[in-house]
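The text below goes through them in turn.

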Amino acid sequence: MAMPRCGVEDVINGTTWMPNHKSGHTQFHKVSHLAFFEGNLKWPASKFHLSYAFLPGYPSEVSRAFSKWAFNTQFTFSHVVDYKKADIKISFERGEHRDDGSFDGVGGILAHAYPPTDERLHFDGDEAWSVGALTGYFDVETVALHEIGHVLGLQHSSIPGAIMFPSISAGVTKGLHEDDIAGVKALYQV
């Protein structure tokens, strides 16, 4: 899988490498199999608490996905009622929905989210969604974990077990992988 060149990191053979700036040496250290958005987009250092809101009727399992990221990173999250004031706005959408990422109906794109500090996280309302692993359905928490990774600044991973791997099959659940956590820590230099 080809991965894009991203800011100060070089992606070589699907592996992300970063120079060791602390030691002053020019050697590279392997930090993750993840790529970051061009320019290493991330939330400002003063913004490690993020609020999120849903349009009505959204599954509460998405809140569990935020809890899993909070447990494994420096971020904290809180659900707020005022959709307009939330840092992250979550909704189900169909087809063309006023952004540059139209959904394609059943199959194909399941969801998309934008990098920091764009607030949008959208699920394709035409997909078959479930809570947990059900044959023929996509687990909303698994997909939410992936999309929250994008909201935090992660692109895709080349590790199939990572939540940031670019695809998921119906009837499958996944959790965070050490590669996902290492990617966030590298991006935010934690």
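Ring pairs join Phe48, Tyr52, Phe54, Phe66, Phe75, Phe77 and Tyr188 into a cluster; rings of Phe, Tyr and Trp (its six-membered ring) pair if their centres lie within 6.5 Å, and planes under 30 degrees apart count as stacked, over 60 as edge-to-face and the rest as tilted. The model is predicted, so local features need pLDDT of at least 70 and side-chain atom pairs count only at pLDDT 80 or more, while totals for chains, interfaces and linings use all residues. Residues are numbered from 1 along each chain as its sequence is written, and side-chain values use heavy atoms, leaving out hydrogens and water.

The whole structure holds eleven aromatic pairs. In one of them, the ring centres of phenylalanine 66 and phenylalanine 77 are 5.0 Å apart with planes at 55°, so this pair is tilted. Phenylalanine 66 lies in helix α1 and phenylalanine 77 in strand β6 (residues 76-79); helices (H or I, at least four residues) and strands (E, at least two) are DSSP runs, numbered from the N terminus.

The largest nonpolar core has 35 residues, of which Trp69, Ile90, Phe123 and Leu152 touch the most other members. Such a core is a set of buried Ala, Val, Leu, Ile, Met, Phe, Trp, Tyr and Cys residues joined through side-chain atoms within 4.5 Å, where buried means under 20% relative accessible area, exposed over 50% and partly exposed in between (1.4 Å probe, protein chains only). The largest share of this core, seven residues, comes from α2. Of the 13 residues of α2, 13 are buried, so α2 is largely enclosed by the rest of the structure.
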